[in-house]
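Thanks for asking me to look this one over. Please keep the viewer open while you go through my points.

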Amino acid sequence: MSSMRTIRVTGKGQIRLRPDTTRIAISLEGIYPEYSEMLQHSAQDTECLRDILAGFGFERSELKTLNFKVDTEYERYNEDGSYKQRFVGYKFQHQMKVEFASDNERLGKILYALAHCPINPKFKLSYTVKDQEAVKNELVGKAVTDAKKKAAVLTQAAGVELKDIQSIDYSWGQINLEARPMSGEMLTSEEIENLLAPLSASYDLDIEPDDIEVSDTVTVVWEIR
């Protein structure tokens with residue numbers, strides 16, 4: 001009994017995209033001696049941030065939490081020539097994001113408001129595309145098409161016939177659809193002031209993010225004879 005002969009080909013899909021969505025990642029943090037006090041201030045700071053963004057047309061639900069964590073904080077001190085640790089308090093870090101259709105004028109006003117608000121958030125700026133699912137689907141389609149073209153060339157050169165597909169292997173891994181024209185690190189209010197030219201209640205922004213280049217692969221197995 002003869003076993004089925006197959007050919008395995010990996011296709012690659014590539015897309016170059018123009019970003020259409022601005023993403024601001026915002027981080028709030030603080031240290032307080034009591035756990036309940038820490039939670040109270042965390043909630044108050046988050047509400048203050050929602051109030052600020054509401055002034056620029058955002059719904060309160062548009063501010064999305066990415067991560068929230070609480071750690072105990074200690075400090076070292078010297079006592080009679082010996083270093084010891086003592087409890088300082090509970091530290092919270094609340095990481096969030098807000099996204100909107102790219103608009104440099106609106107962005108300049110938002111960043112200025114964040115940089116001059118009393119809760120001292122850290123933030124970073126990036127650009128992405130709104131319909132990410134469509135991008136991923138197009139990428140997979142291009143990868144399968146590429147695999148089929150390669151398989152046709154290989155089988156023709158080998159003098160064999162391409163038959164039915166036996167399997168398609170795709171990882172469904174995470175695809176990075178972000179462009180970061182500014183620093184990729186979280187920036188403080190002071191750092192933003194040094195980077196951007198302030199106007200009246202706004203920053204003068206002339207940011208044109210580069211296109212996003214993404215690629216992915218699909219492996220297809222065909223029967224041949």
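1. First, the ground rules. This is a predicted model, in which local features need pLDDT of at least 70 and side-chain atom pairs count only at pLDDT 80 or more, while totals for chains, interfaces and linings use all residues. Residues are numbered from 1 along each chain as its sequence is written, and side-chain values use heavy atoms, with hydrogens and water left out.

2. How many aromatic pairs does the structure hold? There are six aromatic pairs. Rings of Phe, Tyr and Trp (its six-membered ring) pair if their centres lie within 6.5 Å; planes under 30 degrees apart are called stacked, those over 60 edge-to-face, and the rest tilted. Phe58 and Phe100 make an edge-to-face pair, with 5.7 Å centre to centre and 75 degrees between the planes. This pair links distant parts of the chain, 42 residues apart: Phe58 is in the loop between helix H1 (35-54) and strand S3 (64-79), and Phe100 is in strand S4 (residues 82-101). Helices (H or I, at least four residues) and strands (E, at least two) are DSSP runs, numbered from the N terminus.

3. The cut-offs are under 20% relative accessible area for buried, over 50% for exposed, and partly exposed in between (1.4 Å probe, protein chains only).

4. Phe68 and Phe92 give you a stacked pair, at 6.4 Å centre to centre and 20 degrees between the planes. Phe68 lies in strand S3 and Phe92 in strand S4, so this pair ties together parts that are 24 residues apart in sequence. Phe68 is partly exposed at 36% relative accessibility, whereas Phe92 is buried at 0%.

5. Tyr35, Tyr74, Phe87 and Tyr90 form one aromatic cluster. Two arginines also sit over rings: Arg86 lies over the face of Tyr77, at 4.2 Å from the ring centre, and Arg106 lies over the face of Phe58, at 4.3 Å from the ring centre. The test here is NZ of Lys or CZ of Arg within 6 Å of the ring centre and within 35 degrees of the ring normal.

6. Turning to the strands, S5 (residues 122-128) is mostly covered, with five of its seven residues buried. Strand S2 (residues 21-32) runs antiparallel to S5, and seven bridges join them; two strands pair if DSSP finds at least two bridges between them. Within S5, Lys124 is the residue opposite Ala25.

7. Which residues touch the most other members of the largest nonpolar core? Ile24, Leu49 and Val214 do, in a core of 52 residues. Such a core is a set of buried Ala, Val, Leu, Ile, Met, Phe, Trp, Tyr and Cys residues joined through side-chain atoms within 4.5 Å. Among the elements that each supply at least two residues of this core are strand S1 (5-17), S2, H1, S4, helix H2 (104-115) and strand S9 (212-224). Leaving out residues up to four places away in sequence, Ile24 touches several residues, including Met96, Phe100, Leu107, Phe123 and Lys124. Contact means heavy atoms within 4.5 Å.

8. On the cysteines, the structure holds zero disulfides, a disulfide being a pair of cysteine sulfur atoms within 2.5 Å. For Cys48, the nearest cysteine sulfur is that of Cys117, 5.8 Å away. Cys48 is partly exposed at 22% relative accessibility, while Cys117 is buried at 7%.

9. Please also check two backbone angles. Asp80 has phi near 55 degrees, a positive value in a residue other than glycine; Asp80 is in the loop between S3 and S4 and is exposed at 79% relative accessibility. Asn120 has phi near 50 degrees, also a positive value in a residue other than glycine. Asn120 lies in the loop between H2 and S5 and is exposed, with a relative accessible area of 56%.

10. Finally, where is Thr155? Thr155 is in helix H3 and counts as buried at 5% relative accessibility. Apart from neighbours within four places in sequence, Thr155 is in contact with Ile7, Val160, Leu162 and Ile224.
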